[in-house]
Amino acid sequence: MKLAAHYNKVNIVVTLSVLLIGAVIYFFAIDKIINNRLDEELGEEVSEVITYVHQNQLLPKQFDIDENQVEFIKTNALNSSPRYFDTTYVNPRKSGDKSGRAFEGGIKFKGDNYRIRIIKSSESTVYLKQIITAITLVLILALLTILSLTNRYILNDLWKPFFGLLAHMKAFNISESSSFILTNNKVDEFADLDNAIAEMSSRVKTDFQNLKQFTENASHEMLTPLAVITSKLDTLIQDETLKKEHFDQIQDIYGAAGKLSRLNQSLLLLVKIENNLIADNDNLDLNQLINDKIRQFQELSASKEIRIYAELGSKEVMVSKHLMDILLNNLLSNAIRHNQSKGSINIYLTNDKLTIQNLGLTVPLNSNSIFDRFQKGSTSEGAGLGLTIVKNICNVYDWDMKYSFVNNLHTFSIVF
Amino acid sequence: MKILIVEDEQGLRENMLTYLSEDNNICESSATLADAVAKLASYNYDFVLLDIGLPDGEGFELLNYLKNEMRGEAVIIISARNSLDDRIKGLNIGADDYLVKPFHLAELKARIVAVFRRKATSSNNNLIFNEIVINLIGRTVFINDVEIILTRKEYDMLLYFIANKGKVIAKTALAEHLWGDEMDMHDNFDFIYSHIKNLRKKILDVTTNDYLKSIYGIGYKFTDR
C-alpha cells in the first residue's frame with residue numbers, strides 16, 4: 001500500500017468519524033433549540049389563553065389561534081402537571097397529518113377542572129432541520145472530496161523529491177565513477193536525506209574502489225614472487241645431482257605455482273571486466289570463432305574420445321575478441337574437462353542464443369551458486385573462477401547466462 | 001650476445017643472469033632505471049630485458065631513451081602487468097616482445113632467440129643444430145638432407161628445444177609454450193608426452209642421435225652430449 005493511500009485511509013476515517021459525531025451532536029442541539037423555541041411560543045400562547053379565561057370568565061371558543069389548535073377538555077382529574085410533547089398536527093385546511101408540538105396543562109374554571117391542550121404546527125421547523133441536515137451532509141461530502149483530492153495532489157507534490165531520490169538510488173551503480181547528483185531540495189528533511197545518501201554512496205564507492213585497488217595490487221605484487229619461484233625452480237632442475245624424489249617434489253611445486261599464477265590472472269581479469277577496462281570491441285563472426293575453438297580443442301576432446309556435435313547458424317557480435325576467446329575457452333574446456341570419456345558435447349548457435357551441452361555427472365549442478373566465485377565441482381582442478389568470468393563477461397554485454405540440466409545434459413546457454 | 005637485464009627483484013635477476021650466461025652470452029644486470037641508463041650510455045648491448053615496474057621509475061622511460069638515441073638494442077619487456085594497454089604501449093615505443101610474469105626461463109630464452117633471429121639481417125634463414133637444419137621461412141626440417149614432416153606443435157617444440165639446448169625444460173614450461181595458459185591444460189601432460197614421442201620417433205627415423213632425453217618425469221632435455 002502506498003504511503004498516500006495509508007495517509008488517506010487514516011485521514012478519511014478520522015475526518016468522517018469526527019464529522020459524523022459532530023453532525024449528530026449538531027442535529028440534536030438544533031432539535032433541542034427549536035423545541036425550546038416552540039415551547040416558549042406555546043408557553044406564551046398558554047399564558048394568553050389563561051389571561052383570556054380570567055378576564056372574560058369564559059372558555060375561548062375552540063378556534064384556532066394563530067393556526068394553533070386549542071382544546072379544553074373537562075376532566076375530573078386534578079391539576080395534571082403541565083408538559084410539552086411531540087404530537088401530530090391536523091391541519092383542517094390541508095389534508096394529512098403533520099408533526100406538531102403540544103402543551104398540556106390543567107386549568108381551573110368555575111370550579112371545574114379542565115385540561116388545556118394547545119398544538120402548534122412544527123412543520124416549518126422540521127423543514128428547517130431537514131435543510132440544515134442536508135446542508136451539513138453536503139458539506140461533509142464536499143469536505144471529504146476536497147480533502148482527499150488536495151491530499152493526493154499535495155502529497156504527490158511533496159513526495160516528488162523522494163521519488164526523485166529513489167530513482168537515483170535505484171540507478172546507483174557501485175562501479176560507476178560518476179558521483180551521486182544532489183537534487184537540491186527545498187524541503188529540509190529531503191535535503192538531509194539527499195546529503196546522507198550522497199555521503200553514503202561516495203563512501204561506499206571509495207571503499208569499493210579501495211577494495212578493487214587492493215585486489216589488483218595484491219595480485220600484481222604476487223606475480224613477482226611467483227616469477228622468482230618459477231625461475232628458481234627452472235634453475236634448480238638443471239642440477240644433475242638431483243634424484244627422482246627431488247624432482248617429484250619440484251613437480252608439485254611447479255603445479256602449485258602454476259595454479260597460483262592462473263588464479264591470480266583470473267582475479268586480475270575479473271577486476272578488469274568489472275571495471276569495464278576491456279573495450280576493444282570488434283565485429284566478430286561467432287560461427288567462425290566457435291569453429292576455430294572446436295579445432296583448437298580437438299586434441300583435448302579427442303584424448304577423451306568426446307564427440308563434438310555443432311549446429312552453428314551465423315551470428316555476428318560486437319564484442320572484445322579477447323573476452324570472447326576467454327568465454328569460449330572457459331565454456332569449452334569445462335565441457336571437455338567435466339565430460340565422461342566417450343561422452344559428447346553439443347553446440348548450437350542461433351541468432352539469439354548460444355547453447356553448449358555436455359554429458360558429465362548425472363546429477364545437476366547447483367544452479368544458484370555455480371556462477372559464484374570459488375564455487376567448483378568436487379572433481380574440478382580449477383580455481384572456481386571460470387564460470388564467474390563467463391558470467392561477468394555476459395554481464396558486460398547484457399547477455400543472459402543460464403544453466404539447466406536436461407536429459408542428463410549440463411546445458412549452458414547465453415541469450416544475446 | 002650481450003644482454004642487459006633490468007630487474008629490481010634480486011632473486012629473479014640472478015636466475016635470469018645464470019640461465020642466460022651460457023652459449024657465449026655476456027650478461028650484465030641493473031636493479032634501477034638510473035643504473036640501466038648509465039650502463040646503456042657507456043656500452044652497447046644486443047639485448048635489453050626490461051622490467052616495467054622499477055623502484056625509480058617506469059621501464060618505458062628507458063624504452064624512450066633507446067628510441068631517442070636510435071639504438072639498435074632489442075628489447076623484451078618483462079612485466080607483472082598483463083594489460084593490453086601496457087603491451088601496446090611497450091610495443092609501440094619499440095619493444096620487440098612482451099613477457100608477463102611469472103614466466104619460465106626457458107620461455108624467456110626461446111623469446112630472446114626468436115627476437116634475435118627476427119632481427120638478424122643475415123640472409124641465412126637456416127637454423128642448424130648438428131645434422132638438423134631448420135628452414136625458418138619455409139618451416140621445413142631436414143636431417144641429413146632428408147626432410148621430416150612435423151606437425152605445427154612438433155615444429156614449435158623442436159625450435160623451443162633448440163633455443164634451450166642443454167637445459168632441462170619443465171613439462172609445465174613446455175605446456176605453457178605450446179598451448180598458452182588460456183587453454184588451461186592444467187596438469188594434463190599426456191599431450192606433451194605423445195607429442196614428444198612423435199617428434200623423437202620422427203628424428204630417430206633418419207638419424208641415430210637421440211637428442212631428446214626425458215628427465216625423471218619433471219621434463220625433457222635436448223642435448224647432444
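Predicted model: local features only at pLDDT ≥ 70, side-chain atom pairs only at ≥ 80, totals over all residues.
Strands are DSSP runs of E with at least two residues, helices are runs of H or I with at least four, and both are numbered from the N terminus. Two strands pair if DSSP finds at least two bridges between them. Strands of a sheet pair through backbone hydrogen bonds, either parallel or antiparallel. Strand 12 of chain B pairs with strand 14 (residues 219-222) of chain B in the antiparallel sense, over 3 bridges. Val168(B) stands opposite Lys221(B) in strand 14 of chain B.

Residues are numbered from 1 along each chain as its sequence is written, while chains are lettered from A and ligands numbered from 1 in the order in which they are written. Local features need pLDDT of at least 70 and side-chain atom pairs count only at pLDDT 80 or more, but totals for chains, interfaces and linings use all residues.

Chain B also touches chain A. Here, 33 residues of chain B are in contact with 32 residues of chain A; contact requires C-beta atoms, placed from the backbone, within 7 Å. On the chain B side, the elements that give two or more residues are helix 1 (10-20), helix 5 (105-119), strand 12 (168-170) and helix 8 (190-206). Helix 1 of chain B gives the most, with 6 residues. By class, this side has 15 nonpolar, 9 polar and 9 charged residues. Ala, Val, Leu, Ile, Met, Phe, Trp, Tyr, Cys and Pro count as nonpolar, Asp, Glu, Lys and Arg as charged, and the others, Gly among them, as polar.

Chain A comes to 8 helices and 12 strands. Helix 1 (residues 3-56) and helix 2 (residues 123-170) of chain A pack at an angle of about 165 degrees, with their axes 10 Å apart. Axes are lines fitted to C-alpha atoms, for helices over the stretch in contact, and angles run from 0 to 180 degrees between N-to-C directions. That angle makes helix 1 of chain A roughly antiparallel (over 145 degrees) to helix 2 of chain A. The residues of this helix contact divide into 17 nonpolar, 9 polar and 3 charged. In chain A, residues 24 or more positions apart account for 64% of the contacts with a separation of 6 or more.

Conventions
Contact = placed C-beta atoms within 7 Å. Parallel < 35°, antiparallel > 145°, perpendicular 65-115°, else oblique.
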